Amino acid sequence: MSYDLVVWDGQRPATDDEALTSYISLIETYLEDDPTPPGPKIVRYLDALLARWPNSELGRLWAAVPLAEDASGPIICLNLMRHQAEQTAKDVADLAQAHGLVCFDPQEGRLMP
């Protein structure tokens, strides 16, 4: 079982409801049909994730690897191992914010941080 976070490149929605709408639209556009290569900001974010958590830790933290497999255009879905979610989710969200990206928790239906 995983704990999912979604990170995307775009203007931060003003509310959690707006974020949910954006999330659904981005998933339908970029991940359900024909995925496109991840955009440059997502690639830089992926690089930062791998710098923070090297390959040796990936199987312990992430439920789905390689991470880039769930990236398309301006969006990436990250599947954290549930037992690591509480510790790691905040760091993942903070790193997204540092890269000018939006982080959304679809389980809670809320923006992070």
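The axes of helix H2 (residues 40–52) and H4 come within 10 Å and cross at roughly 140°. H2 is therefore oblique to H4, since only angles over 145 degrees count as roughly antiparallel. The crossing of the two helices is right-handed. The model is a predicted one. On the H2 side, the contacts involve Tyr45, Ala48, Leu49 and Arg52. Their counterparts in H4 are Asp91, Val92, Leu95 and Ala96.

H4 covers residues 82–98. At 1.5 Å a residue, its 17 residues should span 24 Å, and the end C-alpha atoms are 24 Å apart, so expectation and model agree. Just after H4, Gly100 adopts a positive phi of about 75°.

A further site is Ala64. This residue lies in the loop between helix H3 (55–61) and strand S2 (71–72). Its relative accessibility is 26%, so Ala64 counts as partly exposed. Buried would require under 20%. Neighbours within four places in sequence aside, Ala64 is in contact with Asp70 and Asn79. Thr36 is 28 residues from Ala64 in sequence. In space, the C-alpha atoms of Ala64 and Thr36 are 19 Å apart.

Conventions
Residues numbered from 1 in each chain as written. Predicted model: local features only at pLDDT ≥ 70, side-chain atom pairs only at ≥ 80, totals over all residues. Heavy atoms only, no water. Helix = DSSP H or I, 4+ residues; strand = E, 2+ residues; numbered from the N terminus. Expected span 1.5 Å × (residues − 1). Axes fitted to C-alpha atoms, helices over the stretch in contact; angles between N-to-C directions. Parallel < 35°, antiparallel > 145°, perpendicular 65-115°, else oblique. Left-handed = near helix turned anticlockwise from the far one by under 90°. Contact = heavy atoms within 4.5 Å. Buried < 20%, exposed > 50% of the residue type's maximum accessible area, 1.4 Å probe, protein only.
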